[in-house]
Amino acid sequence: MKLKPQLQALVSNALKRLVEENLLPEIDLPDINIDRTRQKEHGDFSCNIAMLLAKHVRCAPRDLAKLILDRLSAVGIVNKVELAGPGFINFFLTDEPLYQAIRDVISEGSEFGRTDIGVGQKVIVEFVSANPTGPLHVGHGRSAAYGDALARLLRAAGYQVCTEYYVNDAGRQMNILAVSVWLRYLELCGEEMDFPVNAYQGDYVWDIAASLHRSQGDALYRKISDVFVGVPPDEPLGGDRESHIDGLIERAQKLLADDYARVFDQGLNEITDNIRRDLVEFGVEFDRWFSERSLHNSGEMEKAIQTLESGGYLYEKDGAKWFRSTDFGDEKDRVIVRDNGQSTYFASDIAYHLDKLDRGFDRLIDVWGADHHGYVARVKAALQALNADRDRFEVLLVQFAVLYRGGKKLAMSTRSGEFVTLRELRSEVGNDAARFFYVMRKCEQHMDFDLDLARSRSSENPVYYVQYAHARICSVMVQLSEKKLKLANPADAKLELLTEQHEKDLMNELSRYPEVIEWAATNHEPHQIAYYLRELANGFHSYYNASQFLVEDKGLRDARLALIQATRQVLANGLGLLGVSAPESM
RNA sequence: GCCCCGGUAGCUCAGCUGGAUAGAGCAGCCGCCUCCUAAGCGGCAGGUCGGACGUUCGAAUCGUCUCCGGGGCACCA
């Protein structure tokens, strides 16, 4: 059984006795905090309940602590209890829980650390969901690494987790991509033009146009003079970039008619495939890719709008249909159907989140880029209007990652095609370093991503530190067999032979792992795992430097090997949660 | 102007929902390989926790104000 709940029960029982003895009034007891201590002199765990209650019962904290302390019943794992400082109750434990941790790791293996706080709860985690208008860049990479680690963490905490990528395969941006592809295609056919400012400029557009040209030949060719007929001028000619590109979309749809879908789908499919491959190579696989278009086709979009309409939450203004989101705390009302009859992205977003709720998820978690924070209020507003519990919906905003190379900041912009892609990052620094670096920072923290540091295969690089600990342990086991020695069943090891301080410290770290998972999962903070792993690795490296594992004494040797085997297991489990490999040699 | 995020050691960041003397990595300095991988270990040095006021027995943590940096405020996605 877990340690903290045991100690909580102990304190809780003592408080009940005080109430029975009329030394404490019957009040609502606050949660009893049991914390790991920072310093050894304070024992293993401490409780601050006396200080929290002192004021309510008008009693000096230390006096109250003494009363509680005197009523704590004796429990096997508690060696000693002390009253300390302004009123802390400090628990000193026996070594038994430490040994138990090792036995647990050995018997549970890759399952060690799992907790049950999420059992029975279905949660969907949506992340990345980048528009299929270009390759993933390093910003998406952070969302991918974070979202994936979060999903793994929630699973480890017992939640039933579904991961999903929402594909924006409808809407204006996709039309802009289609036009960009088609214009490049026309250029491949020999036409010349001023490429629109607002079109996608990246080289990948050429690639898509080229494959279109290979498969379709000149079938999609139209005279360039026809294309630009009646289209408002582009920005460089004194016009407006938005109306210019919208005009081109209209012309393309008219001139290509049914063939427009070919161009559109070529762009969509090629980029989506590319994104999917990128993510798979990065170690991120989604349970489902959810198509925005499917919401249009299934009628869910229309249904969502209807529901809002009949609830009286919509009104017409300037030819558009508005949602009264200000009624639910948003700053201003939002358009959901434009005056040209097109529904907005917001409209499909409402339908999408409604769909998630219909699928029976208890909690919806969305991981968005920080630049989307303005959308949180309106989506919550919509869900509330539709009688959904808005608190079941949670958005985690991932702040930007800024790349540095040679101490210089790298500029990025999707539209202009100037960005570092996730693929480039991975090939430069490797998957492991990329994922570890991404996940080392809490998501709401702006991140400076130092490429030189991530790339360096040296001691400066934090990811190797943890991996090295794992590899070192594997290497010890290799040495063991080279010496023709064998480890008996580690479960039978005489752990009481582990008396050195480094050994106790390391065992203590191992016993802490399930608590770290629980904390990290409830707070959606995978970075806690990264920090924990660093501390665990540090505990091991110190031990390694101080003691020899492969000693003559078989009993001691087996005990030490059981300890480092357990350490290896927990390192592997933790790295696995972050999507980082645990190499057997380096 | 309004909203979100950040401001902690030279640099990059943790800091367990308000606790005991604020931590780590890197950079700097000093030590440690006849010994299971030195991608390691130990030590030294380094901080007005942006600032002010407030709440509290107790504040890096909570509240208000303020300064600085990033982002967002579309009939774009």
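Mentor: In the hairpin of β3 and β4, G85 takes a positive phi near 55 degrees. That hairpin has three residues between the strands. Keep in mind that this is a predicted model.

Trainee: How many bridges hold β3 and β4 together, and in which sense do they pair?

Mentor: Six bridges, in the antiparallel sense. β3 covers residues 78–84 and β4 covers residues 88–93.

Trainee: What stands opposite V81 in β4?

Mentor: F91 does.

Trainee: OK, zoom out. What does the domain assignment give for chain A?

Mentor: Domain 1 is 3–94 and domain 2 is 122–168 + 273–398. Domain 3 is 172–268, and domain 4 is 460–578.

Trainee: How far apart are the C-alpha centres of domain 1 and domain 4?

Mentor: They lie 32 Å apart. The contact takes four residues from domain 1 and six residues from domain 4.

Trainee: Now sheets. What is the strand order in the open sheet with β8?

Mentor: The order is β8-β9-β10, three strands with antiparallel pairing. The edge strands are β8 (314–317) and β10 (334–337), and each pairs on one side only. Neighbouring strands here are turned by 45 degrees against each other on average, direction ignored.

Trainee: How many bridges join β9 to β10?

Mentor: Three, with the strands running antiparallel. β9 spans residues 320–323. As for a specific pair, W322 has V335 in β10 as its bridge partner.

Trainee: Which strands does α13 lie across?

Mentor: β9 and β10. α13 is residues 345–358, and this helix runs at about 80 degrees to β10.

Trainee: And α13 against α14: what is the packing angle?

Mentor: About 55 degrees, with the axes 10 Å apart. α14 is residues 376–385. That angle makes α13 oblique to α14. The crossing of the two is right-handed.

Trainee: Which residues meet there?

Mentor: From α13, F346, D349, I350, H353, L354 and L357. From α14, they meet R378, V379, A382 and L383. By class, the contact of α13 with α14 has seven nonpolar, one polar and two charged residues.

Trainee: Other helix pair, then. At what angle do α6 and α10 cross?

Mentor: Roughly 105 degrees, and their axes come within 9 Å. α6 is residues 172–188 and α10 is residues 260–281. α6 and α10 are therefore roughly perpendicular to each other.

Trainee: What does α6 bring to that contact?

Mentor: M174, N175, L177, A178, V181 and W182. In α10 they meet Y260, V263, F264, G267, L268 and I271. The class count for α6 with α10 is 10 nonpolar, two polar and no charged residues.

Trainee: Last stop, the sheet with β13. What kind of pairing does that one have?

Mentor: Mixed. This open sheet of three strands has the order β14-β13-β15.

Trainee: Why is one side of β14 and of β15 left without a neighbour in the sheet?

Mentor: Because β14 (408–409) and β15 (447–450) stand at the edges, each with a single partner strand.

Trainee: In which sense do β13 and β15 pair?

Mentor: In the parallel sense, over four bridges. β13 is residues 401–405. Within that pairing, L403 stands opposite F449 in β15.

Trainee: Great, that covers my list.

Notes: Residues numbered from 1 in each chain as written. Chains lettered and ligands numbered in written order. Predicted model: local features only at pLDDT ≥ 70, side-chain atom pairs only at ≥ 80, totals over all residues. Heavy atoms only, no water. Pairing = 2+ DSSP bridges. Axes fitted to C-alpha atoms, helices over the stretch in contact; angles between N-to-C directions. Contact = heavy atoms within 4.5 Å. Parallel < 35°, antiparallel > 145°, perpendicular 65-115°, else oblique. Left-handed = near helix turned anticlockwise from the far one by under 90°. Nonpolar A, V, L, I, M, F, W, Y, C, P; charged D, E, K, R; others polar. Domains from an automatic or database assignment.
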